Each structure stands twice: as C-alpha cells, then as structure tokens.
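I opened my notebook to walk through this model one piece at a time. Here is what I looked up, in the order I went.

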Amino acid sequence: MDVLITGANRGLGAGFVRHYLQAGDSVWACYRNDMGELSSIHSERLHPIHWNVATDLEPRGELPGMLDLLINNAGIYGPGKDGQSLKNVTAEAMLEVFNVDCVGPLRVVKHLRQRLSGGATIANISSKMGSSGDNSSGGTYAYRAAKAGLVIVSRSMAVDLSKDGVRVITLHPGWVQTDMTHQTGLIDIETSVAGMSRVIERVDEYEAGSFVAFDGKVVPY
Ligand SMILES: NC(=O)c1ccc[n+]([C@@H]2O[C@H](COP(=O)([O-])OP(=O)(O)OC[C@H]3O[C@@H](n4cnc5c(N)ncnc54)[C@H](OP(=O)(O)O)[C@@H]3O)[C@@H](O)[C@H]2O)c1
C-alpha cells in the first residue's frame with residue numbers, strides 16, 4: 001500500500017510510520033519542523049515530506065502518485081493546565097487549535113483529493129474528548145471543540161467521497177503515552193497503533209464516517 005501520514009515525526013504518527021513500513025508498505029511521512037524520529041529510520045520505502053497542515057503552503061517533497069491510505073494524525077492540544085478553562089480560554093487559543101485539528105485534515109484532503117484512488121481509506125484522528133456524549137467533566141474548550149468539529153467534517157467527507165469509493169473513518173487512539181499526555185497515558189503507542197490499524201483494515205464493517213476507538217468500539221458522539 002501507499003500510505004501518507006501527517007505529524008509523523010514523533011508520537012502516534014511515528015508509530016504509524018514504523019507499523020506500515022514493517023508491513024512492507026511505502027510511507028510518505030509528513031513533518032512540520034524537524035524530522036525527529038524519521039531521521040533514524042532507514043528505508044527506501046520512507047519518503048519524508050515537509051508539510052505544516054496549519055497553512056495553505058504547498059507541501060515540500062515528492063508526493064505519491066495514488067494513495068491507498070491517508071492518516072490525518074497531526075494535532076495539537078492547545079494550552080495546558082487550566083489554560084482551556086472557561087475563565088482562561090481565549091478566542092486566539094480556540095482558533096489556533098481549530099485551525100490545526102479540524103481545518104488541517106480538511107486542507108490535506110482537499111490537496112490530495114485527486115490522488116485518492118477508488119478503494120482508498122482516509123483515517124482522521126480525533127479524540128473521545130470531542131464526543132459530546134462522553135463529556136461529563138467540562139472544560140478543555142479549544143481541544144474538545146476542534147476534535148468535535150473534526151468528527152463532523154469527517155462524516156461529511158465520508159458521504160461526499162463514498163461515490164468515488166473512498167472510505168472515511170474517524171478514530172480515537174485511546175489515552176496514549178506520548179508527549180501530548182506527558183507520557184501519562186494508559187496504553188503505549190504500539191498498542192494504540194496496532195488497534196487503530198486493525199480498525200482501518202476493517203473499515204467496511206463500519207458505517208461510513210463512524211467514530212471508532214482503537215479497541216474497535218464505536219464512540220457515541
Ligand atoms: N496521545 C493521546 O492520548 C491522544 C488521545 C486522543 C487523540 N490524540 C490525537 O492523536 C494525534 C497524535 O497525537 P500524539 O499523542 O502523537 O501527539 P504528539 O506526540 O504531541 O504529536 C503531535 C504531532 O503532530 C504534529 N503537528 C502539530 N501541529 C502540526 C502542524 N501544524 N502541521 C503538521 N504537523 C503538526 C507534531 O509535529 P511537531 O513535532 O512539529 O510539533 C507531532 O508530530 C493528535 O491528533 C491527537 O490530538 C492523542
């Protein structure tokens with residue numbers, strides 16, 4: 001398969017890169033600043049691409065001809081601690097996180113639209129934090145709103161692209177030991193990536209645009 005992954009220089013993105021390279025696939029791995037973990041992966045099937053999904057700037061690097069799988073993984077949490085409380089959250093923080101986490105995947109899909117073959121899959125990495133049904137603790141305005149927006153955007157993509165045979169799924173990785181969680185997650189990157197890639201393989205078993213966790217369970221939103 002030909003696979004493109006955004007935010008691939010560390011965390012879950014780098015985990016996806018290792019997973020698909022190990023499976024024998026060709027991987028276009030996107031990074032916004034430095035190559036990070038990609039520098040230490042030596043494979044002829046690895047194609048690094050410089051791509052900041054928060055801007056409309058053209059990606060730099062050779063894009064694949066046709067893609068079988070696109071993983072919109074790049075994301076930010078936004079201000080930590082109580083920086084996203086009702087008292088402290090700012091319009092600027094709301095817009096910054098929305099731009100990366102919700103508009104970013106849309107930008108990437110619009111850019112790669114003509115390279116998505118019939119039978120291709122788009123996996124948009126959201127979060128249970130974007131589920132209204134799962135929100136009993138409040139707060140975290142910017143991240144929750146941006147990830148909820150992505151669920152909706154993803155569903156529209158699923159409807160619009162189904163006529164071209166492109167499948168779209170939204171994923172929740174679990175709470176994972178990465179920089180985003182300050183390594184405090186409940187599961188490691190390998191477990192999360194193995195689970196999410198199993199869901200991607202079984203995409204046809206889910207309704208188009210479903211929101212599914214790494215363990216295969218549908219997330220109510
Ligand atoms: N970890 C969890 O428990 C968890 C739970 C639910 C959902 N998620 C979601 O899973 C995805 C991956 O999270 P993670 O835990 O691996 O986070 P992470 O360790 O913080 O990594 C985030 C990645 O996204 C990249 N990125 C951020 N802004 C970008 C931009 N504008 N353009 C391109 N790349 C950008 C980062 O690049 P730089 O190195 O340049 O910053 C980095 O590669 C995110 O969408 C996150 O919201 C994670």
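**Entry 1: the ligand.** I began with the 29 residues around the ligand and found that Gly7, Gly11, Ala74, Gly75 and Thr178 come nearest. A residue counts as near a molecule or strand if its C-beta atom, placed from the backbone, lies within 6 Å of it. Helix α1 (residues 11-22) gives the largest share of this shell, three residues. By class I noted eleven nonpolar, 15 polar and three charged residues in the shell. Here Ala, Val, Leu, Ile, Met, Phe, Trp, Tyr, Cys and Pro are nonpolar, Asp, Glu, Lys and Arg are charged, and the others, Gly among them, are polar.

**Entry 2: ground rules.** I reminded myself that this is a predicted model, where local features need pLDDT of at least 70, side-chain atom pairs count only at pLDDT 80 or more, and totals for chains, interfaces and linings use all residues. Residues are numbered from 1 along each chain as its sequence is written. Helices (H or I, at least four residues) and strands (E, at least two) are DSSP runs, numbered from the N terminus.

**Entry 3: the sheet.** I traced an open sheet of seven strands in the order β3-β2-β1-β4-β5-β6-β7, with parallel pairing. Two strands pair if DSSP finds at least two bridges between them. β3 (46-50) and β7 (211-213) are the edges with a single partner strand each, so one side of each has no neighbour in the sheet. I then looked at β5 (residues 116-125) and β6 (residues 167-172), which pair in the parallel sense over five bridges. Asn124 stands opposite Thr170 in β6.

**Entry 4: α2 and α3.** Which angle do helix α2 (residues 91-112) and helix α3 (residues 141-162) pack at? I found about 20°, with their axes 8 Å apart. Axes are lines fitted to C-alpha atoms, for helices over the stretch in contact, and angles run from 0 to 180 degrees between N-to-C directions. That makes α2 roughly parallel to α3, a label for angles under 35 degrees. The contact of α2 with α3 has 16 nonpolar, one polar and two charged residues.

**Entry 5: α1 and α4.** I returned to α1, whose axis comes within 9 Å of that of α4 and crosses it at roughly 65°. Gly11, Leu12, Gly15, Phe16 and His19 in α1 meet Ile189, Glu190, Ser192, Val193 and Ser197 in α4; contact requires C-beta atoms, placed from the backbone, within 7 Å. I sorted this contact into four nonpolar, five polar and one charged residue.

Note on methods: Angles under 35 degrees count as roughly parallel, over 145 as roughly antiparallel, 65 to 115 as roughly perpendicular and the rest as oblique. Two residues are in contact if their C-beta atoms, placed from the backbone, lie within 7 Å.
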